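Hello,

Here is the structure I promised to pass on to you. Please open it alongside this message and have a look around before reading on.

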Amino acid sequence: MVAGVGTENGNAIWGRSVIFDDTWGIPSGAIGCCYGETRATVGVYDQKFPEKVAVEWLDKSENRIYYGEVAIDKVGYKLAKNLPPFTAHTGKVFKDVKPYLIIGMGETGEIKVWISNTPSAGFTGRVLHELGSGQAQWRENN
């Protein structure tokens, strides 16, 4: 599977941590776009499909550190194994589909988890299933 993060367009944030099942994580760093999409991804090998994700990020515009945890629906494992092919704008059809696990961090602390057959919009046949959501807490960045 491939994992990555995104935020709402225009909401530049700094991802501090993305940890799955309290055991493994992915780097995030500077995030500037897009909700339900991921531009930077990490290949994930030899890990079971996660049951939860804990995230923490800094929103410099508000000087807040957001943090929270979201349960990931177990149906995501079945969806990941049966994602349909998709077509690029060039007409190329991708049949060997990798599941994209996308973590979204919203402008006011929303956390979303999706599974998709593509990293971003703009593909014909893209599917995007929401697997979990929650609201982060925040503290001042001192």
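Below are some notes on aromatic rings and pockets.

Before anything else, please keep in mind that this is a predicted model.

**Aromatic rings**

There are six aromatic pairs in the structure. Angles over 60 degrees count as edge-to-face. If you trace the chain, you will find Y35 in the loop between β4 (29–31) and β5 (41–43), while W114 belongs to strand β11 (residues 110–116). The two residues are 79 apart in sequence, so their pairing ties together separate parts of the chain. As for accessibility, W114 is buried, with a relative accessible area of 8%, whereas Y35 has 27% and counts as partly exposed.

Next, please look at F86 and F123. Their ring centres lie 5.1 Å apart with the planes at 80 degrees, so this pair is edge-to-face too. It links distant parts of the chain, 37 residues apart: F86 sits in strand β8 (residues 86–87) and F123 in the loop between β11 and β12 (128–135). Here F86 is buried, at 8% relative accessible area, and F123 is partly exposed, at 26%. Ring pairs also bring in F94, so that F86, F94 and F123 form a cluster.

One more ring deserves a visit: R64 lies over the face of W138, 3.6 Å from the ring centre.

**Pockets**

Which residues line the largest pocket? They are M1, V44, Y45, D46, Q47, F49, Y77, A80, K81 and P99. By class, this lining has seven nonpolar residues, one polar and two charged. The space in the largest pocket comes to about 200 Å³.

The second largest pocket holds about 150 Å³ of space. It is lined by 15 residues, and those closest to its centre are V5, S28, A30, I31 and A40. Strands β1 (2–7), β4 and β5 each supply at least two residues of this lining, and β1 gives the most, with three. Nine of the lining residues are nonpolar, five are polar and one is charged. While you are there, recall that Y35 lies in the loop between β4 and β5, two of the strands that contribute to the lining of the second largest pocket.

Note on methods: Residues numbered from 1 in each chain as written. Predicted model: local features only at pLDDT ≥ 70, side-chain atom pairs only at ≥ 80, totals over all residues. Heavy atoms only, no water. Phe/Tyr/Trp six-rings, centres within 6.5 Å; stacked < 30°, edge-to-face > 60°. Helix = DSSP H or I, 4+ residues; strand = E, 2+ residues; numbered from the N terminus. Buried < 20%, exposed > 50% of the residue type's maximum accessible area, 1.4 Å probe, protein only. Lys NZ or Arg CZ within 6 Å of the ring centre and 35° of its normal. 1 Å grid on protein atoms, 1.4 Å probe; cavity = no way out; pocket = protein on both sides within 12 Å on 5 of 7 lines; lining within 4 Å. Points joined across faces, edges and corners; volume = space filled by probe spheres on them. Nonpolar A, V, L, I, M, F, W, Y, C, P; charged D, E, K, R; others polar.
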